[in-house]
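Please view the structure first.

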Amino acid sequence: MEAKNMKRRDFIKSGGLALSTFAIPFSIMDFFTESNKKNNMNNQQKFDAIIIGGSYAGLSAAMALGRSTRNTLVIDNGKPCNRQTPHSHNFLTQDGQTPKEIATLGKAQVAQYPTISFHDGLATKGTKTTDGFEVTTQSGKVFTSKKLIFATGIADEMPDIEGFAECWGISVIHCPYCHGYEYRKQKTALMANGETAFHMIPLIHNLTDQLIVLTQGKADFSEEQWQKIKAHKVEVIEKEITAVKHQKGHIEKVVFKDGTTLELDAMYAAIPFKQHTDIPQALGCEMTEQGYIQVDDFQKTNIAGVYACGDNATRMRSVANAVYQGSVAGAMLNGELSHEIF
Ligand SMILES: Cc1cc2nc3c(=O)[nH]c(=O)nc-3n(C[C@H](O)[C@H](O)[C@H](O)COP(=O)(O)OP(=O)(O)OC[C@H]3O[C@@H](n4cnc5c(N)ncnc54)[C@H](O)[C@@H]3O)c2cc1C
């Protein structure tokens with residue numbers, strides 16, 4: 001272990017891990033990460049693994065690979081899906097931290113392992129080579145590796161409703177486990193229809209009985225679903241929303257097409273998404289009907305040597321699940337390499 005890395009580890013450990021890491025100015029952490037990156041990038045351009053995406057799933061995979069002494073490059077362009085959320089919840093030990101605090105701590109811990117390198121930038125191309133993969137970045141850098149992990153997340157597609165995007169992750173939310181507790185017992189809308197809406201209604205109703213469903217047009221519920229909705233006094237409004245009025249992302253009311261308004265404290269919304277990158281498809285990775293990268297229980301795709309983890313490969317969208325899947329992908333990749341070499 002280089003002296004530089006030992007010093008950094010001692011520094012982080014001194015005075016308690018969480019406290020000291022959050023107390024370290026970013027510039028110092030950047031220095032450590034930067035020097036670690038430079039040490040590795042100069043000596044090593046062919047990697048055991050390249051991880052595209054360096055948020056929770058990617059960093060978790062990198063942790064497993066760093067601890068397995070695998071030369072690993074993490075390529076990330078710094079746009080995690082939760083970046084607008086003021087506080088992240090429901091991830092043990094980090095409940096209520098900002099998304100950035102969690103990622104910064106994760107990156108600092110991963111950067112302690114000398115075989116991990118980081119590259120800031122967008123991966124734009126990935127091709128199969130005779131003995132692995134080649135990844136090209138937007139800046140024209142080309143890196144090669146034996147194996148590949150996609151931890152690229154997904155991009156939420158904002159509806160064409162004025163003010164919606166500004167409120168996303170603040171008071172317009174997607175998940176009762178992540179943000180529902182903070183809005184419990186408050187006047188809450190659910191912008192969704194059909195089966196998706198009916199799946200969400202009981203979950204939200206558990207947290208607030210002031211629930212109004214906004215179906216954005218004619219409601220699509222079965223007779224049985226209607227009966228339950230009415231029995232629980234959940235109001236359904238079938239009018240179209242044209243605007244979300246807010247103060248710095250905190251919703252005040254929605255405006256309907258007919259000019260009427262509805263005052264609210266929060267609104268859940270089920271919105272579509274797309275993959276951040278089509279590199280997996282270009283390599284031949286199969287996708288699910290819902291648009292996720294198809295993986296098995298070990299995060300393996302159908303393409304040998306290619307793994308996917310986190311939001312890009314699962315409906316179970318949470319930091320905890322991304323960390324879990326990343327850890328599995330890293331371990332499985334290392335297992336595959338170990339057996340190939342042994
Ligand atoms: C608004 C919002 C709030 C949320 N709040 C919570 C919460 O409170 N608690 C909770 O548990 N979960 C929450 N979630 C879910 C959680 O944020 C995600 O499950 C988690 O971020 C998934 O991690 P990931 O690493 O798979 O993807 P992401 O965190 O989205 O990261 C993907 C990374 O890959 C990078 N990337 C993508 N393509 C490329 C490329 N081609 N080249 C280089 N880099 C690339 C991106 O820039 C990004 O850094 C929230 C989600 C949203 C949208």
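## Basis

Strands here are DSSP runs of E, at least two residues long, and helices are runs of H or I of at least four residues; both are numbered from the N terminus. The model is predicted.

## Positive phi at Lys-248

Lys-248 sits in the loop between β12 (241-247) and β13 (250-256). Its phi is positive, about 45 degrees, although Lys-248 is not a glycine. Most residues other than glycine have a negative phi.

Is Lys-248 buried or exposed? Lys-248 has 8 C-beta neighbours inside 10 Å, so it counts as exposed.

## Positive phi at Asn-90

Asn-90 belongs to the loop between β2 (72-76) and α5. Phi of Asn-90 is near 75 degrees, again a positive value in a residue other than glycine. Asn-90 is partly exposed: 17 other C-beta atoms lie within 10 Å.

## The α4/α5 pair

Helix α4 spans residues 56-66 and helix α5 spans residues 99-110. Their axes are 9 Å apart and pack at an angle of about 20 degrees. Angles under 35 degrees count as roughly parallel, so α4 is roughly parallel to α5. The crossing of α4 past α5 is left-handed.

Which residues meet? From α4 come Tyr-56, Leu-59, Ala-62, Met-63 and Gly-66. From α5 come Ala-103, Gly-106, Lys-107, Gln-109 and Val-110. By class, this contact has six nonpolar, three polar and one charged residues.

Note on methods: Residues are numbered from 1 along each chain as its sequence is written. This is a predicted model: local features need pLDDT of at least 70, side-chain atom pairs count only at pLDDT 80 or more; totals for chains, interfaces and linings use all residues. Axes are lines fitted to C-alpha atoms, for helices over the stretch in contact, and angles run from 0 to 180 degrees between N-to-C directions. Angles under 35 degrees count as roughly parallel, over 145 as roughly antiparallel, 65 to 115 as roughly perpendicular and the rest as oblique. A crossing is left-handed if the near helix is turned anticlockwise from the far one by less than a right angle, and right-handed if clockwise. Two residues are in contact if their C-beta atoms, placed from the backbone, lie within 7 Å. Ala, Val, Leu, Ile, Met, Phe, Trp, Tyr, Cys and Pro count as nonpolar, Asp, Glu, Lys and Arg as charged, and the others, Gly among them, as polar. A residue is buried if 20 or more other C-beta atoms lie within 10 Å of its own, exposed if 12 or fewer, and partly exposed in between; C-beta atoms are placed from the backbone.
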